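Grab your viewer and work through these exercises. Each one sets a task and then walks through a solution.

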Amino acid sequence: DNTRWIDLNFKPAERGANPYLAMAYSLKSELNISGISEQELAREMQADGSVAQKHLSDLLAQHKQSNNLLLVIDQFEELFTQCSPNERKDFLVLMDNIVKQPSIRIIITLRADFYARAIEEPILAKLLRQDRGTFPLDPPGLSAIHQMIIRPAEAAGIELQDGLAQCMLDDAGQGPGAMALIAFTLNQLYQQEHNTAYLSIDGYEAIGGVQGAVQKRAETVLKSLSVNTDKGLPNLFVHLVEVNEQEVATRRRALQSKLKGDTETVANALIEARLLVTGKGEDQQPTVEVAHETVLNGWE
């Protein structure tokens with residue numbers, strides 16, 4: 001097989017609530033387009049889908065060693081949570097036209113709890129059915145998570161002190177939010193060590209381990225919100241926490257439909273930060289719960 005690929009990556013809402021703007025930033029950077037702003041390029045692509053297809057073709061032509069373009073749209077659920085219905089509809093039409101070109105393929109990553117929402121869109125339902133277009137990923141086991149810690153570090157030339165990966169596994173466990181806890185703990189540790197090529201257990205303990213990372217992550221998320229978190233946060237955790245007679249707090253699932261106003265805004269931000277995770281109840285209604293017990297005992 002002599003297929004050679006180049007790729008273009010973006011997230012639908014990484015530049016605000018317009019997926020065309022996210023695509024424009026990515027395209028302009030790769031093609032070094034001058035004389036037009038990202039905002040103008042986004043407007044042109046939204047007004048005429050052939051403009052986007054032309055730029056994608058230009059990108060492929062620019063890389064003469066490649067004969068296929070892979071368009072990777074990560075966190076595709078942002079198209080439903082942060083983008084307007086009209087822009088979502090237009091963007092799905094654009095995707096449908098793009099994949100008709102023989103040299104361009106699209107990969108999206110989508111949280112499982114948004115799959116039902118996705119197939120409510122006729123265009124997206126059709127695309128997901130075509131050519132075995134859906135590939136579900138099961139939750140990783142401990143061995144897989146261990147590999148997810150050490151292998152990217154090896155690829156980046158970063159050495160982990162012996163036992164560090166196991167410390168993280170012991171602290172984070174294997175719950176639905178474990179991988180997210182480890183991911184931002186590693187990121188925080190890397191920054192703490194000033195981007196060095198060696199990550200140590202001492203450094204891990206200096207940031208407070210997974211618990212300390214959760215604390216910092218949660219506070220950063222709250223500071224970024226413009227809503228009343230003093231009200232929204234307690235209202236949210238009334239739904240998410242149960243306290244027994246010994247005053248021990250345990251997590252519980254809550255229906256997302258019960259969360260309104262500022263409470264819903266806070267919940268969505270903490271879901272995006274992976275401090276809360278979503279799922280489905282017995283009646284298939286969307287639910288939300290605390291990702292890990294560390295959120296309860298590690299967040300002051």
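**Exercise 1.** Find the partner of L255 in β10.

*Solution.* First, the ground rules: this is a predicted model, where local features need pLDDT of at least 70, side-chain atom pairs count only at pLDDT 80 or more, and totals for chains, interfaces and linings use all residues. Residues are numbered from 1 along each chain as its sequence is written, and side-chain values use heavy atoms, leaving out hydrogens and water.

Step 1: get the elements; helices (H or I, at least four residues) and strands (E, at least two) are DSSP runs, numbered from the N terminus. Step 2: look for pairing, which takes at least two DSSP bridges between two strands. β8 and β10 (residues 286-290) run antiparallel and are joined by two bridges. Step 3: read off the partner of L255 in β10, which is T287.

**Exercise 2.** Work out the strand order of the sheet that holds β8, and say which strands sit at its edges.

*Solution.* Step 1: the order is β8-β10-β9, an open, antiparallel sheet of three strands. Step 2: β8 (254-255) and β9 (276-280) each have a single partner strand, so one side of each has no neighbour in the sheet. α13 (residues 229-240) lies across β8, β9 and β10, at about 100° to β10. Axes here are lines fitted to C-alpha atoms, for helices over the stretch in contact (heavy atoms within 4.5 Å), and angles run from 0 to 180 degrees between N-to-C directions.

**Exercise 3.** Is C83 buried or exposed?

*Solution.* Step 1: set the cut-offs: buried is under 20% relative accessible area, exposed is over 50%, and partly exposed is in between (1.4 Å probe, protein chains only). Step 2: C83 comes out at 7%, so C83 is buried. Step 4: check for disulfides (pairs of cysteine sulfur atoms within 2.5 Å); the structure holds zero.
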